[in-house]
Each structure stands twice: as C-alpha cells, then as structure tokens.
Amino acid sequence: MKLKLVSLSIVAALAAGCATEQGTHTAVGTGAGAAVGAGLGNLIGGNTKGTVIGAAVGAAAGGALGYNWNAIRGKLSRDTAGTGTQITEQPDGSLKVNIPSQVTFDTDSATIKPSFRSVLDQVAQTLSQHQDVNATVIGHTDSTGNPTYNMQLSQRRAQSVAGYLGDRGVARNRLSAEGRGQSQPIADNATEAGRAQNRRVEIFLKPIQG
C-alpha cells in the first residue's frame, strides 16, 4: 500500500510540474507521459491492467507538457492551400509557418503583396482565436547584393508582417519581428531555385509561458 501511495504521489507531482511547463517541450508530451505512466502503472498495479491505467494517467499528464497544434496546423494548412506555405511543428514546441518568396514581397520591397495578405489574415485569425499564443516573424533574403542591405531589408519585411498582424487586431505585445538577412539559407544560393527558397518569411507560433 505504501508503494502505491508513493507512486500515485509521483504521478500527481508529474502532472503538477507539467502544468507549469506547458508548451516548452512538445517532444516530451503525451507519448513520453504514457511511457512514464506505464512504468508507474507496473508499480501501482503490478499487472497489465495497472500498466494500462498508468499509461493513461501518464499520457494525460505528459500531454500537458506540449501544445496541441493539430487543429491549428490543420486549419492553417487548409486555409493557405495553394500558396506554397509550409506548416511544421518544431522540436522546441513551436509551429513554423514558412511562406515562400513568390507569395510575400516583390524584389527589393517590404510592401506586402496582395497574395500574402490572405495568408496573414489566416494567421491573424488563428492568433485572435488563441490568446495564449505569441508570434515571432523572421525575414530572410538570398545572398544577392550587399549583406548589410539584405539584413536591413529582411528586418523591414519582418516588421511589415508584424505590423499587418497588429492592424488585424493581434495585440502588439504578442508580436516580435527579426531580420536574419542572408545568414540562414535553406538552399543553394548558387541557383535561382535555391535563392527563391531562401527568400522567405517564417512565422513561429509559440505558447505564452505562464
């Protein structure tokens, strides 16, 4: 009986700890919680039934460690279909919205293209519906031209996006903007196709730490 009480206390502590760390480690989420719970279930029940119960409790506790992006990712994917926008969950628990250059800005411009507005409208709607999520906008360029100028251009573009989201009702204190210039290529700048991939805007959605 003492062993059971100690084990249940561990589960309770795990759940309490998870509640204070929500959104920080998506990788340590439901699956990891279930694994821990299963181990505790063996201690509690010493049999298959105990393992199953422990796994269920652990999954509930472990799920609190991460942020459930499934619904948000699915809706954004549907609403931005056909724009080339890619939406992926990141190891740090954030959701990355990657918008390609053909959608975002004209060459040497920080003015948002009409085709970009529809994507940003969906992001703004998502942020309005999820008040516990912040957005960090990061602008990137290819390696053509002066690196200093490219850095400044990427910053202006990121600020334009953050400003647009703010104009759509997202609280300014939930938005931040950064320019990375040509410093973080994802493709070969020696080819036009590669440069096009490197000219991009990324919006990282991340739960507010409470």
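Which ring does the charged end of Arg 168 sit over? I looked this up and found the ring of Tyr 164, with the charged end 4.0 Å from its centre. The criterion I used is NZ of Lys or CZ of Arg within 6 Å of the ring centre and within 35 degrees of the ring normal.

**Entry: the model**

I note that this is a predicted model, in which local features need pLDDT of at least 70 and side-chain atom pairs count only at pLDDT 80 or more, while totals for chains, interfaces and linings use all residues. Residues are numbered from 1 along each chain as its sequence is written, and side-chain values use heavy atoms, with hydrogens and water left out.

**Entry: overall make-up**

I listed 8 helices and 5 strands in the protein chain. Helices (H or I, at least four residues) and strands (E, at least two) are DSSP runs, numbered from the N terminus. Along the sequence I read the pattern α-α-α-α-β-β-α-α-β-α-β-α-β. Of the 210 residues in the protein chain, 41% are buried; buried means under 20% relative accessible area, exposed over 50%, and partly exposed in between (1.4 Å probe, protein chains only). I also looked up contacts, meaning heavy atoms within 4.5 Å. Among those between residues at least 6 apart in sequence, 69% join residues at least 24 apart.

**Entry: the sheet**

I traced an open sheet of 5 strands in the order β1-β2-β5-β3-β4, with mixed pairing. Two strands pair if DSSP finds at least two bridges between them. β1 (86-89) and β4 (175-179) are the edge strands, each pairing on one side only. From one strand to the next, the twist averages 20 degrees.

Then I went through the pairings. β1 and β2 (residues 95-100) run antiparallel and are joined by 4 bridges, and Thr 88 stands opposite Lys 96 in β2. Which residue of β5 is the bridge partner of Lys 96? I found Phe 204. β2 and β5 pair in the antiparallel sense over 6 bridges. β3 and β5 pair in the antiparallel sense over 8 bridges, with Arg 200 in β5 as the bridge partner of His 140. In β5, 7 of the 8 residues are buried, so this strand is largely enclosed by the rest of the structure.

Helix α7 (residues 147-167) lies across β3, β4 and β5, and runs at about 165 degrees to β4. For these angles, axes are lines fitted to C-alpha atoms, for helices over the stretch in contact, and angles run from 0 to 180 degrees between N-to-C directions.

**Entry: the core**

The largest nonpolar core has 30 residues, and those touching the most other members are Phe 116, Leu 127, Val 161, Leu 165, Ile 203 and Leu 205. Such a core is a set of buried Ala, Val, Leu, Ile, Met, Phe, Trp, Tyr and Cys residues joined through side-chain atoms within 4.5 Å. At least two residues of this core come from each of α4 (70-79), β2, α6, β3, α7 and β5. The largest share, 6 residues, is from α6.

**Entry: aromatic pairs**

I found 2 aromatic pairs. Rings of Phe, Tyr and Trp (its six-membered ring) pair if their centres lie within 6.5 Å; planes under 30 degrees apart count as stacked, over 60 as edge-to-face and the rest as tilted. Tyr 67 and Trp 69 have ring centres 4.5 Å apart and planes at 50 degrees, so this pair is tilted. Both Tyr 67 and Trp 69 are buried. Phe 105 and Phe 116 have ring centres 5.7 Å apart and planes at 80 degrees, so this pair is edge-to-face. Phe 105 is in the loop between α5 (101-104) and α6, and Phe 116 is in helix α6, so the pair ties together parts 11 residues apart in sequence. Phe 105 counts as buried at 6% relative accessibility, and Phe 116 counts as buried at 0%.

**Entry: two loop residues**

Asp 108 lies in the loop between α5 and α6. I noted its phi near 60 degrees, a positive value in a residue other than glycine. At 48% relative accessibility, Asp 108 counts as partly exposed.

Not counting residues up to four places away in sequence, Thr 80 touches Thr 85, Ile 87, Val 119 and Gln 122.
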